Amino acid sequence: MKRVYAKEEVCAGCKLCEVYCATAHSEYPNSIIKAFLKQETKPVARILVEGNQSLTFALQCRHCEDANCTKACITGAMHKDPETGIVINDESRCVGCWTCILACPYGAIKRNENGRKVASKCDLCSDSGEIPICVQKCPNEALVFMEVSEGGK
Amino acid sequence: MAISMQMPDFLIERDQNRCIKCKVCVSQCANGVHVWDEDENKVIANEEKCVDCHRCVVYCPTHALNIKKAPLEFKENAYWNADAIRGITKQAEGGGVLLTSMGNNKPLPVYWDRMLLNASQVTNPSIDPLREPMEIKTFLGRKPDSVKIKDGKLVEKLPPQLEINMPIMFAAMSFGAISLNATKSLAKAAEACGTMWNTGEGGLHSDCYQYGKNTIVQVASGRFGVHAKYLEAGSAIEIKIGQGAKPGIGGHLPGEKVGQEISETRMVPIGSDAISPAPHHDIYSIEDLRQLIYALKEATRYEKPISVKISAVHNVAAIASGVVRAGADILVIDGIRGGTGAAPLRTRDSVGIPTELALAAVDSRLREEGIRNHASLVVAGGIRNSADVIKAIALGADACYIGSAALIALGCHMCQTCHTGKCNWGICTQDPKLVKRLNPEIGAKRLTNLINAWSHEIKEILGGMGINALESLRGNRLMIRGVGLSDRECKILGILPAGE
């Protein structure tokens, strides 16, 4: 399956991916200003720029083949789509117990406590059917969306 | 400490109705202008540190930012203007030579803009470059006085020539002055376009040997990174005598920029200042220059053209004649608008002469002396667009170097603070955090786009003149008319005034 890979050697650490991700998953997916200033709660990004000095890169769910989070989930909300391979959290079933957060080896799942407590994670913008927004909007092309076999690490 | 009298040059406007507090501006400003204020829960600006590079403006996802000239005015004075007062204030507080970067920004006459091109009407047909082939391929190097042809082939072998697909090359910019990613962008683009990039005086990084075919390697007064393999690596060798931005002055790469990579490439210890002396210590005459030219020719078995780059100064025509007689195959004239990674302000702004006048004077002189074919003429120093290239060719140049224009294509916004080493666009810096902001893949693409766009425009303008090969325009000054120029200026440029 296609995944998002970070090219840390050209990541500027600007965190625009976080801004666009948060917007795309907000109540106002087409307006950054509305998402951040009009929505009652702060929109949560599902991608996180990790950094230390000159090393920076964006990290999001790796959509593991054998995903720990899906096994740890007590309600079955966290599941791997058998067709697409995307690991998705069905928020209607999530109870916000955070077991998945404990189980994720990448720290790629976040708490969303804006409304009802739910786990929040990258869905590869699967609703849009397009290239994930973080990849589209990365100003330095430091994120790529590709098959592992195409050279992703 | 006594109060500083230096006030901010710029005013930063932040539209609070658009600011989403994402702090992208905070992370992207290496000058520390934007700061997150925890108490106020908003971003504030230290405007005195702003250099107007637009990084924050371009990266702000909601276009909440705008940078304006600071509205603070000095009392109106046509002589003691703001520039004059600020310069003195700065030196009174710092006590040093005023440093600046990039090219001369003074309102000197821009002769390119006072020269207008011709086009065909009725009596001779113009050519549509989309329908008919247009030749802009260029060969740089010594041309023989005459050629003998037998059975459709040249009898004698031509001296070594540099073949470029368009009359545009990337000017010398060293790894040290610019980042490795900027260097790689230039090299990749030169390869993609079939033209040349130039190492400058900083040696050739091991990653860039693969671009050797499209590389001109430079030998400057510091001899940094010069060794047999380096000379072999390029398609031509350039001896740098002078630089348009700072004629008569050497270079100084501060030790803090000399990290592992630069140290290896330049062959100097890590952390040591890399100082290029003002003169070559083995060149004090045309005869000395001839020795170096021939030493380099010997070292490369007379297989590569040798270029000599001089800055445009008062006696440029006579100097050029000497350089060509010394054996240079390519002569580069770098004018007063030429850029730099660091130069003393007063030198940059007051030393040298405009490229256009120097070019015309040199071309005329070499023709008068019957040695114009001995060397190709390349002009550098503030070439801004394809029309400047065309005008340069018509004045007598064989090709142009672009430096500043290439950097602008990479993202440079002409803030003229390269010397601080804090280039927010990752171009003129060695800070690893900033260098990675320039993705060489994107950089190469942008440069390739620029070169291709200019090449298209050159063909269009040539076609309009009814010319289908650039060779027919070279030194064809009848294709130019001057506007707003004195008789004397027209005479030096060798052109007629418009209307004649």
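1. A term comes before the structure itself: two strands pair if DSSP finds at least two bridges between them. The model discussed here is predicted. With that term in hand, one pairing can be read in chain B, where Asn198(B) stands opposite Ile216(B) in strand 13 of chain B. Strand 12 and strand 13 of chain B are joined by two bridges and pair in the parallel sense.

2. In chain B, eight strands form an open sheet with parallel pairing, in the order 11-21-20-18-17-14-13-12. Its edges are strand 11 (168-170) and strand 12 (197-198) of chain B, each of which pairs on one side only.

3. Strand 13 (residues 215-219) and strand 14 (residues 236-240) of chain B run parallel and are joined by four bridges. One residue pair can be named: Gln218(B) has Glu238(B) in strand 14 of chain B as its bridge partner.

4. Is strand 13 of chain B enclosed by the rest of the structure or open to the outside? Five of its five residues are buried, so strand 13 of chain B is largely enclosed by the rest of the structure. The side chains can be sorted by direction: Thr215(B), Val217(B) and Val219(B) point one way, while Ile216(B) and Gln218(B) point the other way, and all are buried. From strand 13 of chain B the chain passes through helix 5 (residues 228-233) of chain B to strand 14 of chain B, and this β-α-β crossover is right-handed.

5. Val332(B) gives a view of the sheet from another strand. Val332(B) lies in strand 18 (residues 330-334) of chain B. A residue counts as buried if 20 or more other C-beta atoms lie within 10 Å of its own. Val332(B) has 34 other C-beta atoms within 10 Å, and is therefore buried. Setting aside neighbours within four places in sequence, the contacts of Val332(B) are Glu238(B), Ser307(B), Val308(B), Lys309(B), Val378(B), Ala380(B) and Tyr401(B). Glu238(B) in that list is also the bridge partner of Gln218(B). Asp388(B) is 56 residues from Val332(B) along the chain, and their C-alpha atoms are separated by 16 Å.

6. Two residues deserve a look for their backbone angles. Most residues other than glycine have a negative phi. Gln53(A) is not a glycine, yet its phi is positive, at about 55 degrees. Gln53(A) sits in the loop between strand 2 (48-52) and strand 3 (55-59) of chain A. Gln53(A) counts as exposed because it has 8 C-beta neighbours inside 10 Å.

7. The second case is in chain B. His63(B) also has a positive phi, near 50 degrees, and is a residue other than glycine. His63(B) is placed in the loop between helix 2 (55-59) and strand 4 (65-69) of chain B. Is His63(B) buried or exposed? It has 12 other C-beta atoms within 10 Å, so His63(B) is exposed.

8. Chain A is divided into domain 1 (1-60 + 130-153) and domain 2 (63-121). Taken over C-alpha atoms, the centres of domain 1 and domain 2 of chain A are separated by 19 Å. The contact between them involves eight residues of domain 1 of chain A and 11 residues of domain 2 of chain A. By class, the side of domain 1 of chain A that touches domain 2 of chain A consists of three nonpolar, two polar and three charged residues.

9. The domain assignment of chain B gives domain 1 (10-96) and domain 2 (138-497). Their centres, taken over C-alpha atoms, are 35 Å apart. Nine residues from domain 1 of chain B and seven residues from domain 2 of chain B make up the contact. On the side of domain 1 of chain B that touches domain 2 of chain B there are four nonpolar, three polar and two charged residues.

10. The last point is the contact between the chains. How many residues of chain B are in contact with chain A? There are 16 residues of chain B in contact with 18 residues of chain A. On the chain B side, the elements that give two or more residues are helix 1 (24-28), helix 13 (432-435) and helix 14 (440-464) of chain B. Helix 1 of chain B gives the most, with three residues. The side of chain B that touches chain A has, by class, seven nonpolar, four polar and five charged residues.

Technical notes: Residues numbered from 1 in each chain as written. Chains lettered and ligands numbered in written order. Predicted model: local features only at pLDDT ≥ 70, side-chain atom pairs only at ≥ 80, totals over all residues. Domains from an automatic or database assignment. Contact = placed C-beta atoms within 7 Å. Nonpolar A, V, L, I, M, F, W, Y, C, P; charged D, E, K, R; others polar. Right-handed = clockwise from strand over helix to strand, strands pointing away.
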